[in-house]
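Visitor: I am new to this structure. Could you show it to me and walk me through it?

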Amino acid sequence: MAEVVEEVTDLLQHLIRNACVNDGNVASGHEARSVDTLRAYLDRGGLECDTYEPAPGRASLIARIEGSDPTAPSLLLMGHTDVVPVNADRWRHDPFGGELVDDEVWGRGAVDMLNLTSSMAVAMRALADSGFTPRGTLTYLAVADEEALGTWGAHHLVEHEADAVRADYVITESGGIPIPSADGLKLPIMVGEKGCYWSTITVRGTPGHGSQPWRTDNALVKAAEVVRRISDYAPETDINDIWRRFVAGIELPQEISRGLLSPDTFMGTIEDLPVGIARQFHACTHTTFSPNIVHGGSKINTIPDTVELQIDIRTLPGQTAEDVENQLREALGDLTDDVEFTASAYDAASASPIDTPLWDVLTRASKRFYEDSATVPMLIVGATDARFFRRVGATAYGYGLFSRDLSFEDYSTMFHGDNERVDQESLRLSTELWQAVALDLLG
Ligand SMILES: [Zn+2]
């Protein structure tokens, strides 16, 4: 047992020190460094690794334990190797030092998601060493470029290397953060994620001299009203199936549960919750609109004729681009015809069914580590690589196991935040979980 903890700690430290920082440029990331680390660890004794490098340095690695029965269900364990940039001044330890301090490994990626990427690799190694001969194939994928749309990672592999990454079931980040309740731990399985629609709204006016503004057609003044309307817009509350099952599962006081399950009382109910949780709950049940960028005006004495706004819109499973455009029209009202809007990016939301063999296996396996636990479905409000696999028909969930010491609040502040770290107990739990899941599901 101690050996597993040592191995997963060591591997995680190496991945952190590789500093595969992805800033969105193709020349960043350098995930080939972590592919080398993982290959050195995995590529021996019954495991063979393949690597894919669609752009220099942007490498991903696959290791596979072939199943004996091609008709049996297959499982893909997927972790990304890239991380987001840091603001090192605000860290208490070197963000790329991978230091072990009081049983915690510090560094960028410790919870997003090099912890899982390492624990999945150690589980693969342990299964191969034990002579595991599954009926269904088990694949490990350490993937590049998750933090910037997956262009050089999951998106590329699903499109161009479909045979290499095909699986019935996929597990990746991010779930399993323990939510304590009166009758035990609730462990969220991320069964879906929101989509994004990045809208550019161009507002036009008529240029003129800034010294005579009365009754002019000022694009900036109009844009201010557009922003106000979008910010005030309250789209319908969507009590979807994932939300219903989540609320039923986490066993909140009855009055709050009831309030959260009706579109009429939802907004009133979240008013009384802590704002971090309320914001999350709101995002799980609404299309959200956040006006985040404005460009306009050219000179202090000139009335602007063009202003460009960029709105970050996040969609729910089942919503189309057309639905979003209709909502925008509703929000803008009689200003709709005065503006042009285009989508600079659109990626639909995705969700897997809740009642699946993978759900049952994760629930069962988790109970071995936390006897008092129950799994609940949840929607991720950001994006992960799971979406590419859902689109080609796989059931993909975000999951992991963590020690009871980790709170939902801590986890969310560390995710892309400062002082990211993970305790060794969490690393041990995840490593053992993956083994239990593979044995149960692939048999
Ligand atoms: Zn991540």
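**The zinc site**

Guide: This is a predicted model. Along the chain, the donors of the zinc ion follow the spacing H-x31-D-x60-E.

Visitor: Which parts of the chain hold H80 and D112, and how many residues apart are they?

Guide: H80 is in strand β3, residues 75-80. D112 is in the loop between β5 (104-106) and α3 (114-129). The pair links distant parts of the chain, 32 residues apart.

Visitor: Which protein atoms are donors of the zinc ion, and how far from it do they lie?

Guide: H80 gives NE2 and D112 gives an OD atom.

Visitor: What is the arrangement of the 4 donor atoms?

Guide: Tetrahedral would need all angles between 85 and 135 degrees. Here the angles run from 57 to 150 degrees, so the arrangement is irregular.

**Aromatic pairs**

Visitor: How are the rings of W243 and F266 arranged?

Guide: The model has 9 aromatic pairs. In this one, the ring centres are 5.9 Å apart. The planes meet at 65 degrees, and over 60 counts as edge-to-face. So the pair of W243 and F266 is edge-to-face.

Visitor: How many residues apart in sequence are the parts that this pair ties together?

Guide: W243 lies in helix α7, residues 241-250. F266 lies in helix α9, residues 266-270. The parts tied together are apart in sequence by 23 residues.

Visitor: Is W359 buried or exposed?

Guide: Buried means under 20% relative accessible area. W359 has 7% relative accessibility, so it counts as buried.

Technical notes. Residues numbered from 1 in each chain as written. Predicted model: local features only at pLDDT ≥ 70, side-chain atom pairs only at ≥ 80, totals over all residues. Heavy atoms only, no water. Donors = N, O, S within 2.8 Å, 3.2 Å for Na, K, Ca; no water. Tetrahedral: all angles 85-135°; square planar, octahedral: opposite > 155°, others 65-115°. Helix = DSSP H or I, 4+ residues; strand = E, 2+ residues; numbered from the N terminus. Phe/Tyr/Trp six-rings, centres within 6.5 Å; stacked < 30°, edge-to-face > 60°. Buried < 20%, exposed > 50% of the residue type's maximum accessible area, 1.4 Å probe, protein only.
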